[in-house]
Amino acid sequence: MKRFILILVALLVVATGFAQPKKVNLDIKALKELVGVATYEKVDSLLGFQTTLESGEKVFQGINEYEKMLLAYRCRFNEKNILQSIEFVSRSFFGYLMDLVMTYKIKPKWERYNSENMPTLARFEWEGRKIVIDFDAQTIIVYKPKSDAR
């Protein structure tokens, strides 16, 4: 019986060792290039680890090398299984903002101001993708808008 329990514990340790989140280098440019192009399989191979939130929603997880921490990426796919949007909470939201403005020279459209007249939401448009940085929620959303079928 002892041997059986030890074997079960060893199998559990080995099984959970393989199910660890991967390290990913997802800066703002890499996120922009994934949206509208990557399939579910590509996102799954890139991040490779899914978990289910208490709400029942499945999210991908990865250790983001840009932030040096584990992040949950809420990915939404269209009917053709192409990544339509990716959303995540970030402690380094201001760093992403600075990358967009300073490195890639993209000007934000400021929206929503707080009581001190400081902006709390920045919107960017970059090569057909839209990027929203919400300072209050510390959230970053990268999405490709649906094209008008007119």
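This short talk walks through the nonpolar core of a predicted model and one patch on its surface.

Let's start inside. The largest nonpolar core has 29 residues. Which of them touch the most other members? They are Ile28, Tyr73 and Ile133. The largest share comes from H4, with four residues.

Now take Ile133. Set aside its neighbours within four places in sequence. Ile133 is then in contact with Phe93, Tyr96, Leu97 and Leu100, among others. Its contacts also include Thr120, Leu121, Ala122 and Phe124. Thr139 and Ile140 are on the list as well.

Next, Ile86. You will find Ile86 in strand E5. Is Ile86 buried or exposed? Its relative accessible area is 2%, so Ile86 is buried, because buried means under 20%. Ile86 and Leu31 are 55 residues apart in sequence. In space, their C-alpha atoms are 7.8 Å apart. Leaving aside neighbours within four places in sequence, Ile86 is in contact with Leu31, Val35, Tyr73, Arg74, Cys75, Ile140, Ile141 and Val142.

In soluble globular proteins, nonpolar side chains tend to be buried together.

Now the surface. Phe94, Met98 and Met102 make a nonpolar patch of about 290 Å². Met98 lies in helix H4.

Technical notes: Residues numbered from 1 in each chain as written. Predicted model: local features only at pLDDT ≥ 70, side-chain atom pairs only at ≥ 80, totals over all residues. Heavy atoms only, no water. Core = buried A, V, L, I, M, F, W, Y, C linked by side-chain atoms within 4.5 Å. Buried < 20%, exposed > 50% of the residue type's maximum accessible area, 1.4 Å probe, protein only. Helix = DSSP H or I, 4+ residues; strand = E, 2+ residues; numbered from the N terminus. Contact = heavy atoms within 4.5 Å. Patch = residues over 30% accessible without salt bridge, like charges linked within 9 Å, V, L, I, M, F, W, Y side chains within 5 Å. Areas by Shrake-Rupley, 256 points an atom, 1.4 Å probe, with all protein chains shown as cover. Salt bridge = Lys/Arg side-chain N within 4 Å of Asp/Glu carboxyl O.
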